[in-house]
Amino acid sequence: MKIIPLHKDEKSLIRKAKNSNKAAQFGLYDRYAPKMLAVCKRYIRDVQYAEDVMIQGFLKVFMRLDTFKEKGSFEGWVRRIMVRECINFLKKNRRLVFRGDIHEYQNHGRPKVADKSDAEYLLRLIDQLPEASRLVFMLHAVEGYKHNEIAKVLRITENTSKTKLFKARRVLREKLKKHGKNYGTS
């Protein structure tokens, strides 16, 4: 029964925020900031930069709020803006470079994670990946982007996207085997 009032409350906040109601904008920020900071921290290792990017992302959310058509989830719409902001930050400040275009790619299934500690362990391993591979891995495996979408957003070829994903999965698989864990990544 609580789902309906929360849903109506969100729609009301969005409607008010579209009319530049500062309290409604703060309400949306307060509701989604923790989740969006977690998204930003997956892409940007430095917490202070991740927070800056999240704040910049929310500025874009509120500036473009009138373009949200309420056809999908608001959280998903905000998340996409945050991911794009992270990518833009990495390109601008970290000189994100994609090297090589090896045409080796295998489609491995999604890993199966047993519990929260396993998920935290996997996130630590993902965080250790080279930046370009980590970014492609996160976009594909976590955000659900297709290779053609990744290629377009990052301005790389689809083959480069596939190669970076393949390499990321291979490195993760090797590290998991080394530590005696198997999540179905082979």
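Colleague: Where is the place of serine 20?
Modeller: Serine 20 is in the loop between helix 1 (3-18) and helix 2. Helices (H or I, at least four residues) and strands (E, at least two) are DSSP runs, numbered from the N terminus. Residues are numbered from 1 along each chain as its sequence is written. Bear in mind that this is a predicted model, where local features need pLDDT of at least 70, side-chain atom pairs count only at pLDDT 80 or more, and totals for chains, interfaces and linings use all residues, while side-chain values use heavy atoms, with hydrogens and water left out.

Colleague: And what is the phi of serine 20?
Modeller: Serine 20 has a positive phi, about 65°, although it is not a glycine.

Colleague: OK, on to helix 2 and helix 3. At roughly what angle do their axes cross?
Modeller: The axes of helix 2 (residues 22-43) and helix 3 (residues 47-63) cross at roughly 135° and come within 9 Å. Axes are lines fitted to C-alpha atoms, for helices over the stretch in contact, and angles run from 0 to 180 degrees between N-to-C directions. Helix 2 and helix 3 are therefore oblique to each other. For the cut-offs, under 35 degrees is roughly parallel, over 145 roughly antiparallel, 65 to 115 roughly perpendicular, and the rest oblique.

Colleague: Which residues of helix 2 and helix 3 meet?
Modeller: On the helix 2 side they include Leu28, Tyr29, Tyr32 and Met36, and on the helix 3 side they include Val53, Met54, Ile55 and Phe58. Contact here means heavy atoms within 4.5 Å.

Colleague: What does the contact of helix 2 with helix 3 look like by class?
Modeller: There are 14 nonpolar, one polar and two charged residues in that contact. Ala, Val, Leu, Ile, Met, Phe, Trp, Tyr, Cys and Pro count as nonpolar, Asp, Glu, Lys and Arg as charged, and the others, Gly among them, as polar.

Colleague: Is phenylalanine 58 buried or exposed?
Modeller: Phenylalanine 58 is buried, at 4% relative accessibility, while tyrosine 29 is partly exposed at 26%. Buried means under 20% relative accessible area, exposed over 50%, and partly exposed in between (1.4 Å probe, protein chains only).

Colleague: Which residues do ring pairs link into a cluster?
Modeller: Tyr32, Phe68, Phe74 and Trp77.

Colleague: Switching to helix 7. Which of its residues are buried?
Modeller: His147, Ile150, Ala151, Val153 and Leu154. The buried residues of helix 7 pack against helix 4, helix 6 (131-142) and helix 8.

Colleague: How do the axes of helix 4 and helix 7 cross?
Modeller: The axes of helix 4 (residues 74-93) and helix 7 (residues 147-154) cross at roughly 50° and come within 11 Å. That makes helix 4 oblique to helix 7. Arg80, Arg84, Ile87 and Lys91 of helix 4 make the contact with Glu149, Val153 and Leu154 of helix 7. That splits into three nonpolar, no polar and four charged residues.

Colleague: And at what angle do helix 4 and helix 6 pack?
Modeller: About 170°, with their axes 12 Å apart, and helix 4 and helix 6 are therefore roughly antiparallel to each other. Arg79, Val83, Ile87 and Leu90 in helix 4 meet Glu131, Leu135, Leu139 and Val142 in helix 6.

Colleague: What is serine 161 in contact with, leaving aside its neighbours within four places?
Modeller: Val136, His147, Ile150 and Ile156. Serine 161 lies in helix 8 (residues 158-178) and counts as buried at 0% relative accessibility.

Colleague: Last one: where does arginine 155 lie?
Modeller: Arginine 155 is in the loop between helix 7 and helix 8. Arginine 155 also has a positive phi, about 60°, without being a glycine, and at 71% relative accessibility arginine 155 is exposed.

Conventions
Phe/Tyr/Trp six-rings, centres within 6.5 Å; stacked < 30°, edge-to-face > 60°.
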